[in-house]
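Please keep the sequence and the structure open while reading.

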Amino acid sequence: MTRVSSVVKKDLYRDSIFLMKLSSQASRESGVEMVSAMMATDRNKDLFTESGLMTPEIAAAKPNDLAIVIRGDENRVEAAIALVTRLLDEEPERRNQGSAADRIPASLRQARRADPGLNLALISVAGDFARYEAAEAIALGMDVMLYSDNISLEDELSLKRFAQKRGRMVMGPDCGTAIIDGTPLAFANRVRKGPIGAVGASGTGLQEVTCLLDRMGVGVGQAYGTGGRDLKDAIGGIATLAALDRLGGDPAVEALVILGKPPGMATRKKLLAKIREIDKPAFVHYLGAEDYADEEKAGMATARDLEELAVKAAGQVRPGARLPGADLPPPPPPPAKKGLLRGIFGGGTLCLEAAVICGGMLLGPKASNLSVPGYAKISGRDGFAGHVFLDLGEDEFTIGKPHPMMAPDFKMDRIAAALSEPGVGVVLMDIVIGYGSHPRQAELVLEALARAETASGGKSREKIVVASVTGVDADNPDRESQARLLREGGVTVLASNARAARWAARAATGGTGADDGG
Amino acid sequence: MADKLKVAALGVDVFDAALEESGTPFAHIDWKPPAEGDAKLVNALFRLATECVDGNGESLVDKANAEALDRLKRARPVLRRVRPAHEVIEGLDKNTILHAGPPIAWEDMCGPMKSAFIGAAKYEGLAGNDAEAEKLLASGGIRYGPNHSHSAVGPMTGMISHSMPVFVVENLTFGNQAFCPINEGIGKVMRFGANDDSVLANLKWIETVLAPAIDRALANGGVDLKVVMAQSLAMGDEMHQRNVAASLNFHKAIAGEFHGALSGNPDGRRATEFVAGGNEQFFLNLAMAACKAAMDPLRGIEYSTVITAMSRNGVDFGINVSSLGDEWFTAPCLKPRALYFPGFSEADANPDMGDSAIVECFGIGGMAMGAAPAVVRFVGAGGSGDAYRYTETMREITVGANQDMPIPGMDFTGVPSAIDIRRVVATGILPVINTGVAHRLPGIGQVGAGIVTPPMDIMRRALLAFAEKWLGKGR
């Protein structure tokens, strides 16, 4: 049914030629009969009246208001209004031939000339060049998120010192995750905005914590990644300290969350001093650290794993916040199926967390391609007679190839192989969804399970497969649908990586291993 | 972050979805490896960016280059006199001849350069004929060296000898002077290596009739060349390949006094037509002198990576870089990409020659192609859009725009000025030089026109030399 609707934009001036163009473009593109946008002068009001388009809203408008009338199929009117609004907000096109704005910029400098408002460079080019582009960005006054790796410690220090002098920040190198002003950068999830400010020297660790917070109904204002080496004394936490300064000064941030591998001695002191300066509650978890005496003395709350870190921080801003699904008693692991544990991960921090948690629970020899206390260090391609935790995101697997979170084929092959391996009783994995990640990981896992079943003549069905899904329901695909698919395929899905690790270790030991609860 | 997040993305595009869906404005850069992927150069660029900085992280190089651009913009080149070269150029005795380009030995010179030397030796009466002149030059009886080392420039072969008249241009801001001979006109001329009696007679007429008349016409204080250049830029000249408006504007500036100076002179009409009629490139030599006067104060600025001279001797292309003083970085010239006059082809072309690329250092010529769309047809490109693109591209490698020289067709943006070797090496974009093409055989003259660039290798070597000199001195 045809309908006439109007919108009045108060105190918005556009010249008549612009409005004529806009009117014809909007009519054409929205498929309504007519869009007419004019300043609400008396003369123009007469025109609206003569053409039968006058509305009470326009009659009441002032000459410096912009009046828009739409006549057409009522189902299309809303879309037409949205289109007009967008066209009004669009930057005017620069007509000059050859102007910088006409072209796709070929360099950071060119991009900045076309748009001086660009303030963060997201760099994922090869390391040798990435460090130069990062330096260019800092010189231009931009912050840097350096996803690229293969940058030497010395160059990282040069970049971070340079940024420090310029009052800018370098997240990375090898920074996989950040959320700035609600914008997910690189591997990140669509978590809600809120009062938590996070700093992490770890990509998947930040993803896990921000997602757990979101699932408890608590949002994240900023999540700064710093790169895995930032807390080493060689770097001295330059990026972490810069991030803390910003979070300290950000009035929207109510509580701080800090995570990473344990800092170097000197850096740990600097962080403590910085935390004392900032008058906001702070929560910390260092993966593999046991002694938090200094942090506690400084008034920080500490956590034994990423889930606890998220739960404590959530409780600070939303008392009583609970992780959905966490209070359900997990299905008991079948004691008959014990055997060796194979942890196969795409996320380095999640692998490390799982290995650390399982380390105290598993009996017998253990190995990892990460450095984990109590574990033999092996190459990811070595066989090992014992429990094994593999981070497939390590350089040995990714040189010249995309990260397994983006392209999980290799990870799936390893899962299938582990399920066919004699002696293995439990396979533990992470599934990290969200931006940057492969969109069909649960489906690929099920395909891998089917392949293993064929290859093993059905024997792989005897084995236990455990997973956690790091993500939120706003992600695409959403967390719940990926978890459901896995469950339907016989995978035990737990609410967090830490829980999945504990449960897997109990299963591998037939429930008889040392149990640290959870 | 106080300002709204706006992202420049370099590299993989898988992360763009998050930016799009969250409504974050972003630009995905069409990235290619800097410095054509050369690890050594990228390392030098990285270290310069991160180490050559002051306590606030401000680049010492950027600061020095800003100073260089500031000096360039503040230049006020004024044509003061026209005098015999030996009167104004230090050390130019009877036995010395100056040439275009970086230093070169007699035996290594190209054909046109050798013939021009022979012509100049005859002109100065050092030799009675070609054979005598050659013998004298081969035996070391004549001293020679680059114009640039004597505050001078000359087009093509660029001959300046003892008695030749030169324009004397003073940079009022800095008090330095620069010199350039008077344009000889077209056809058989010494700048293309011609040296017969008619060439020498033409030069003699310039020396005895034209030069004194122009000099007298300047008695009221001279001609502000920057004003002439800015006006002419607005009239479609870039002042390297096209000097139509500039030559007329120059004549306009001296018309009355010039007329007075030629009053009663039987050659008056010839002199007037020489400046304002027959030779549309008359102003080129004045533009060169003005740019040389403007560029010399940029020499020797610590930490500056700005090119202070680009010049060719018909064999080698050479550049000077501000903080590297008078050291030449040279490599064999490239042949121009050109359109040839009927009957000629690239096979006839001499390698690039002349000091005229000083105008590109200043920001006109090829850098200002956008001001002179008529010129762009010489490079085989048709539209004015192509001309604008040339100039826009040059903004990638220059320190900034010179607003005193605005281009009307490009929203009155200033010409791109002060070429930064860091940017040249990083972007792989070479400065574009508009040039005439000389025949490789002496005396035939110009056979085409087009564009040429310096060889990239000299930019790279200059950058590495710069890095070696200044790295570690910062902080």
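## A salt bridge across the interface

R113(A) and E396(B) join their side chains in a salt bridge, at 2.2 Å from N to O. A salt bridge here is a side-chain nitrogen of Lys or Arg within 4 Å of a carboxyl oxygen of Asp or Glu. The rule finds 5 salt bridges across the interface of chain A and chain B.

The model is predicted: local features need pLDDT of at least 70, side-chain atom pairs count only at pLDDT 80 or more, and totals for chains, interfaces and linings use all residues. Residues are numbered from 1 along each chain as its sequence is written, chains are lettered from A and ligands numbered from 1 in the order in which they are written, and side-chain values use heavy atoms, with hydrogens and water left out.

## The contact surface

Chain A brings 54 residues to the contact and chain B brings 52 residues. Contact means heavy atoms within 4.5 Å. Between them the chains bury about 4600 Å², with 59% of it on carbon and sulfur atoms. Buried area is the accessible area (1.4 Å probe) that two parts lose on being put together, summed over both. F129(A), Y132(A) and K165(A) supply 14% of the area that chain A buries against chain B, more than any other three residues.

The rule also finds 20 residue pairs in polar contact across the interface, both residues at pLDDT 80 or more. A polar contact is a pair of N or O atoms within 3.5 Å; within protein, one must be able to donate a hydrogen and the other to accept it, and residues adjacent in sequence count only if both atoms are side-chain atoms. On the side of chain A that touches chain B, α6(A) gives the most, with 7 residues. Helices (H or I, at least four residues) and strands (E, at least two) are DSSP runs, numbered from the N terminus.

Most residues other than glycine have a negative phi, and most peptide bonds are trans. A418(B) has a positive phi, near 70°. A418(B) lies in strand β16 of chain B.

One joins G172(A) and P173(A), with omega about 5°. P173(A) sits in the loop between β6 (170–171) and β7 (177–180) of chain A. The other runs from N476(A) to P477(A), with omega near 0°.
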